[in-house]
Amino acid sequence: MAGAITRRGLAAILEASHSQSGQGEDDLLELATALAAEAGAESVAFFELDLVGSQARWYVGTDSADLAASGSEVDEDFWPLFWCGVCSYTEPGTPFAWPQSRYAVASPTRLHGSRRRYAATADFEYDRQREMGDYVVVPLSSPSGNTRRVLLNRSPGDLPFSEWDHMALRLLQPHLDVAAQRARTCTSGARLLSRRELQVMTHVRAGHDNRTIAGLLHVQPSTVRKHLENTYVRLGVHSRTAALAVVFGPVAGSGNELWAGSSL
């Protein structure tokens, strides 16, 4: 039986969200796997839906057979339910949306008000047919016309996600968001760097100076400067801005400002 996310599990997920090897979506799959293990979830998926084209844009998850597999058409029953059911709670003007809902961690039971009410809906029947248990949606910052999410699903019969689970996932939300954007924009330049150099660049991307980065990595500022010098040589650039562009690519309108000031 799956239980609540422990404090140790929360720390492990946070560490996984900041750990990367420069392998893009492979790193995101490792994070999804860590989330599944620590949250007691049968499956975890990061994905983006194209709301205009009514299809899945990309998918990275522990269940490769998921209906939202990357590039696939979502099954014909999904979209009518999406627009009239709880799935649409992040989209303004839909039945279950509310001000600030695009930031909210939610589950069908909570949105319907009770398990009994949820069990009487077409949403529940759709989920039951696909052997979904209790699940939680964590919205991520999304480009216009699309919605990005993390979905954590527990097996039917497992304990539902607790109040603490929801709170823990809300605390993790900005870190999951950055990890998803980093994985989606990571370029081949990242593969030229060592793991430590890539860690330094991740902190540079977050806007930290050398002294702050040194404190986060438990090294001297001179060590951080040396890592940056090596990074510039490997990438053939001469500035932080140029290095960031090579490693992570341009991220216009990424939506990171949604999570400004959020931290554990």
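## Helices α9 and α10

The model is predicted. In it, helices α9 and α10 are roughly perpendicular to each other. Helix α9 covers residues 210-217 and helix α10 covers residues 221-235. Their axes come within 8 Å and cross at roughly 105°.

On the α9 side, the residues in contact are Asn210, Arg211, Ile213 and Ala214. They meet Pro221, Val224, Arg225 and Leu228 of α10. Sorted by class, the residues of this contact are five nonpolar, one polar and two charged.

## Helices α8 and α10

Helix α10 also packs against helix α8, which spans residues 195-205. Here the angle is about 100° and the axes are 9 Å apart. That angle makes α8 roughly perpendicular to α10.

From α8, the contact involves Arg196, Glu197, Val200, Met201 and Val204. From α10, it involves Val224, His227, Leu228, Asn230, Thr231 and Arg234. The classes in this contact are five nonpolar, three polar and three charged residues. Val224 and Leu228 of α10 are listed in the contact with α9 and in the contact with α8.

## Overall make-up

The protein chain has 11 helices and four strands. Of its 264 residues, 48% are buried. Among contacts between residues at least 6 apart in sequence, 62% join residues at least 24 apart.

## The sheet

The four strands form an open sheet in the order β2-β1-β4-β3, with antiparallel pairing. The edge strands are β2 and β3, each of which pairs on one side only. From one strand to the next, the twist averages 25°. In general, strands of a sheet pair through backbone hydrogen bonds, either parallel or antiparallel.

Strand β1 (residues 43-50) pairs with β4 (residues 146-153) over eight bridges in the antiparallel sense. In this pair, Leu49 stands opposite Thr147 of β4. On pairing with β2 (residues 55-61), β1 is again antiparallel, over six bridges, and Asp50 stands opposite Gln55. The hairpin of β1 and β2 has four residues between the strands, and Ser54 takes a positive phi near 55° there. Strands β3 and β4 run antiparallel and are joined by six bridges. Leu140 stands opposite Arg148 of β4.

How many of the residues of β1 are buried? Eight of its eight residues are buried, and the strand is mostly covered. In a regular strand the side chains alternate between the two faces of the sheet. In β1, Ser43, Ala45, Phe47 and Leu49 point one way, while Val44, Phe46, Glu48 and Asp50 point the other way. The residues on both sides, Glu48 and Asp50 among them, are buried.

Helix α2 (residues 25-39) lies across β1, β2 and β4. This helix runs at about 130° to β1. Ala39 is part of helix α2. With 0% relative accessibility, Ala39 counts as buried, because buried means under 20%. Ala39 and Asp165 are 126 residues apart in sequence, yet their C-alpha atoms are 7.7 Å apart in space.

## The loop between β3 and β4

Pro143 lies in the loop between β3 and β4. At 26% relative accessibility, Pro143 counts as partly exposed. Setting aside neighbours within four places in sequence, Pro143 is in contact with Glu48 and Arg148. Glu48 belongs to the buried residues of β1, and Arg148 in β4 is the residue that stands opposite Leu140.

Pro143 and Asp50 are 93 residues apart in sequence and 9.7 Å apart in space, C-alpha to C-alpha.

## Cysteines

How many disulfides does the structure hold? The structure holds zero disulfides. Cys84 is in no disulfide, and the nearest cysteine sulfur, that of Cys87, is 9.0 Å away. At 47% relative accessibility, Cys84 counts as partly exposed.

Key: Residues are numbered from 1 along each chain as its sequence is written. This is a predicted model: local features need pLDDT of at least 70, side-chain atom pairs count only at pLDDT 80 or more; totals for chains, interfaces and linings use all residues. Side-chain values use heavy atoms; hydrogens and water are left out. Axes are lines fitted to C-alpha atoms, for helices over the stretch in contact, and angles run from 0 to 180 degrees between N-to-C directions. Helices (H or I, at least four residues) and strands (E, at least two) are DSSP runs, numbered from the N terminus. Angles under 35 degrees count as roughly parallel, over 145 as roughly antiparallel, 65 to 115 as roughly perpendicular and the rest as oblique. Contact means heavy atoms within 4.5 Å. Ala, Val, Leu, Ile, Met, Phe, Trp, Tyr, Cys and Pro count as nonpolar, Asp, Glu, Lys and Arg as charged, and the others, Gly among them, as polar. Buried means under 20% relative accessible area, exposed over 50%, partly exposed in between (1.4 Å probe, protein chains only). Two strands pair if DSSP finds at least two bridges between them. A disulfide is a pair of cysteine sulfur atoms within 2.5 Å.
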